[in-house]
Amino acid sequence: MKIFNDFSLKRFNTFGLNYKCDAFIEVEFAEEIYSINKMFELDKARHLIIGEGSNILLTKDFEGIVIHPVFNNLKIKTVEKNSVLIEVEAGKNWNDLVQFAVNKNLWGIENLISIPGLVGAAPIQNIGAYGQEIKDVIETVQFFDFDDALFKVYEKEKCRFDYRSSIFKQELKNRVFITSIELNLSKEPKPILDYGNVKDELKKAEIINPTIEDMSNTIAKIRKSKLPSPEEIGNAGSFFKNPIIFSSKAEEIKKNYPDLPIFKTNNSYVKIPAAWLIEKIGYKGKTKGNVATYHKQPLVLINLGNATGEEILEFANEIIVKVKQVFDILLETEVNII
Ligand SMILES: Cc1cc2nc3c(=O)[nH]c(=O)nc-3n(C[C@H](O)[C@H](O)[C@H](O)COP(=O)(O)OP(=O)(O)OC[C@H]3O[C@@H](n4cnc5c(N)ncnc54)[C@H](O)[C@@H]3O)c2cc1C
């Protein structure tokens, strides 16, 4: 392990905010977390696990210990006729894992290309994009439980995966350190084309039977044209979740706003785009001081250069209040506020 005191987290949050933590510990092997826990009494001490910080908003210096995994092995565990089971450690860059799968022609995560972050964070909010979610391929999650100082394995059923959520973002939030995950990837092509403008893009390129590379390249291209790169503009992707509301409520809104897009879920609820709500309250591309909503995608809040975490949070709260006033819908943040 490596320990750094009074450490700047600027490189470890994609908003690019220059807050500090008391100590920053790089964990080089999964097993080390056992002694780190003992040494720093992490069951009691204030601590925060950070991967690449692409789903957090720091609002002040973190008075506590930040833990960052750097162990990143990838192991092929079993090869079946139609599938391959791999185990990947928490410190591996998510996109590198997707590239690995694409190169090996293993299907199941190709639509999750270009999502920033490390593998260890991927199950936390059940990352998803373009019709795929990690829950569809995950078999187990291995983690260290700070409360009883034990390494544990949860089968996917126990992880309670849901839309941008899991047990790790709920009951077990801040109580576990995910060390690795097992994914079951398919050798058989399973292209998912029905989301966003994937079909249109493939058609434009005259691709009829897309290969796994066609899928990942197309989605990477679409994402690049729509989302700001954190290297150029500080952001944490979608700041809010898409609200899930009663279908009767959606019908009510539709009376005044016939263009409301509605996505059916499997019960009496529907999902509606938070971006649409934000646009309707007049906040698409809106700037306030050093913060703005991205002009191409209002769900993304951006740091115009010198924003503080508090300013970003204030702006987010302003959006929440306005959406509530106009639509009586409470937006929930997808980003973890620290
Ligand atoms: C431009 C952009 C686009 C994005 N697009 C998408 C998208 O399409 N779909 C999507 O789902 N997300 C998206 N995101 C959000 C983000 O990339 C994912 O949530 C990602 O999984 C976060 O990884 P991270 O390593 O940066 O996690 P961090 O931001 O460092 O951490 C996120 C949370 O997980 C916890 N955590 C991190 N690692 C561990 C661990 N090993 N054990 C226990 N807890 C841990 C942290 O404490 C924190 O609460 C996007 C973000 C950006 C900036």
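Around the ligand stand 33 residues, and I49, G51, S54, N55 and G128 come nearest; a residue is near when one of its heavy atoms lies within 4 Å. This is a predicted model, in which local features need pLDDT of at least 70, side-chain atom pairs count only at pLDDT 80 or more, and totals for chains, interfaces and linings use all residues. Residues are numbered from 1 along each chain as its sequence is written, and side-chain values use heavy atoms, with hydrogens and water left out.

**Ligand site**

- A polar backbone atom of I49 is 2.7 Å from an oxygen atom of the ligand (a polar contact is a pair of N or O atoms within 3.5 Å).
- For P116, a backbone N or O atom lies 2.9 Å from a ligand oxygen atom.
- Q125 places a polar side-chain atom 2.9 Å from an oxygen atom of the ligand.
- The protein buries 94% of the 980 Å² that the ligand exposes when taken alone (Shrake-Rupley method, 1.4 Å probe).
- Two or more shell residues come from each of β3 (47-49), β8 (128-129), β12 (176-186) and β13 (234-238); strands are DSSP runs (E) of at least two residues, and helices (H or I) of at least four, numbered from the N terminus.

**Three-stranded sheet**

- Three strands form an open sheet in the order β14-β16-β15, with antiparallel pairing (strands pair if DSSP finds at least two bridges between them).
- β14 (244-246) and β15 (263-264) are at the edges with a single partner strand each, so one side of each has no neighbour in the sheet.
- Three antiparallel bridges join β14 to β16 (residues 269-271), and I244 is opposite K271 in β16.

Note on methods
A polar contact is a pair of N or O atoms within 3.5 Å; within protein, one must be able to donate a hydrogen and the other to accept it, and residues adjacent in sequence count only if both atoms are side-chain atoms.
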